[in-house]
Amino acid sequence: MTQFSSNIAALQPSATIAVSSRVKQLIAEGRDVLNLCAGEPDFNTPSIIAEAGVKAIREGQTRYTPAPGIPVLRAAIARDIERFAASGARFDPRGVVVSAGVKQALFNVLFSLFGPGDSVLIPKPYWTSYPELVQLARAEPVIVDGDPENDYKVDPARLEAAAGPSTRAILLNSPCNPTGATYTLEELRAIAEWARERDVWIISDEIYRRIYFKGAIAPGIFDLPAELTEKAILLDGTSKAFAMTGWRIGFSYTSPEVAEKLSALQSQTTSNASTPAQYAALAAYEAGAEVDQAVEQMRAAFQSRRDLVLDLFATRLPGVSVLEPDGAFYFWVSGERFARPGEGSVQFCERLLNEYGVGVVPGIAFGDDRYFRMSFAYSEDTLRDAVNRLEKAL
Ligand SMILES: Cc1ncc(COP(=O)(O)O)c(C=O)c1O
């Protein structure tokens, strides 16, 4: 048997990718299965963005770029952060590192700032990759239970109870995958004040920020005044906001000093994010009104799907508890009414798949075995069909 390095001794493949591959396989075999596992918008990339990528290829933008990205894109991203930051602060393009998705940006950050002996607080439920990525840096993920009375969000009291001398960071995700819960500005402020007091980093994954149902954009870490964000790191990207998951463009925003290290790491691993994709991302961040309109159309569609399904749950699946998401495109659903005695989320999701043809992601992938995650990045017909099937399963 192959002896693998201790670097990856505990590594697990992405649980969400694994389950969605299995569902896709069943569909390919001709089974009548609804795939509600997806972690991506079902819309195509807006054409003005896609065309910019194609044009870049045609014009020969097909060579290496500087490791942290083409300067015009870094500048456009800095301006975009500035555009939405309620603090009115300025953002330095040298703080932007463009990566192959937020996933790589987060890996760069964790691997560069933390290591053995360090721990990172992760509120639960959490995006499935967080603990794995912290462990790849050989740091320790410390899971903090979110407050069930407040959409499973955390507050300074919960963070303080979980923190210790090795705590170096808190990894926040708002709007949250899998719950859709979104921190208010006041909640963010309280956490930022706690982090400053403790001198720990706040890593804020805001990839779903533009898919928000209480306004055009969810509160973000850089809405806070500069004195609270000295150790804040923003992660965001094009995948969800602009329906660009396959283009693989995300970024981190930190101080230029940290950005330089992240860029050095990236220069030794992947060199740079795909060049044509960077030009497409440039159009996403620069094209103005037309892109804003496309983003708003997708946001509004997610909102009406959310409302439809919440309605259907209330009328057709009474007693099934589901969180009302304020952002992103997932329902976090209690499996209590679906599970047989002793069954964990993997087993009851397997049954929902095999017996009722509903593919959802077991909650254990996000740290809670009592739940499942159901994406609503699907047509209204598919969502109605899904609720019908869940009703049969009850
Ligand atoms: C919370 C969260 N962060 C990051 C990512 C990764 O996104 P990207 O496509 O930019 O790597 C995802 C994707 O599902 C996500 O849900």
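Reply: Arginine 306 lies in helix α10, where helices (H or I, at least four residues) and strands (E, at least two) are DSSP runs, numbered from the N terminus. This is a predicted model, in which local features need pLDDT of at least 70 and side-chain atom pairs count only at pLDDT 80 or more, whereas totals for chains, interfaces and linings use all residues. Residues are numbered from 1 along each chain as its sequence is written, and side-chain values use heavy atoms, with hydrogens and water left out.

Me: Is arginine 306 buried or exposed?

Reply: Arginine 306 is buried, because its relative accessible area is 7%; buried means under 20% relative accessible area, exposed over 50%, and partly exposed in between (1.4 Å probe, protein chains only).

Me: And which residues is arginine 306 in contact with?

Reply: If neighbours within four places in sequence are left aside, arginine 306 is in contact with Phe213, Glu324, Pro325, Asp326, Phe331 and Phe376, where contact means heavy atoms within 4.5 Å.

Me: How many residues of β12 are buried?

Reply: Five of the five residues of β12 are buried, so this strand is largely enclosed by the rest of the structure. Both of its faces are covered, with Tyr371, Arg373 and Ser375 buried on one side and Phe372 and Met374 buried on the other.

Me: Changing topic, what does β5 pair with?

Reply: Strand β5 (residues 167-173) is mostly covered, since six of its seven residues are buried. With strand β3 (residues 119-124), β5 pairs in the parallel sense over three bridges, and alanine 169 in β5 is the bridge partner of valine 120. Strand β6 (residues 201-205) is joined to β5 by five bridges and the two run parallel; here leucine 172 has serine 204 in β6 as its bridge partner.

Me: Which helix makes a unit with β5 and β6?

Reply: That is helix α7 (residues 185-198), which together with β5 and β6 makes a right-handed β-α-β unit. A crossover is called right-handed if, with the strands pointing away from the viewer, the path from the first strand over the helix to the second runs clockwise.

Me: OK, on to α2. What are its buried residues, and why are they on the same side?

Reply: The buried residues of α2 are Ile49, Ala50, Ala52, Gly53 and Ala56. They cover an arc of only 155 degrees around the axis, which is why they are on the same side of α2; the arc is that of the directions from the helix axis to the C-beta atoms. On the other side of α2, Ser47 and Arg58 are exposed, while the buried residues of α2 pack against α9 (275-286) and α10 (289-316).

Me: What comes after α2?

Reply: Glycine 60 follows α2, and its phi is positive, near 85 degrees.

Me: Last one, how many helices and strands does the protein have?

Reply: The secondary structure comes to twelve helices and twelve strands. Of the 394 residues of the protein, 56% count as buried, and the C-alpha atoms fill a box of roughly 55 × 55 × 50 Å, taken along the principal axes.

Note on methods: Pairing = 2+ DSSP bridges.
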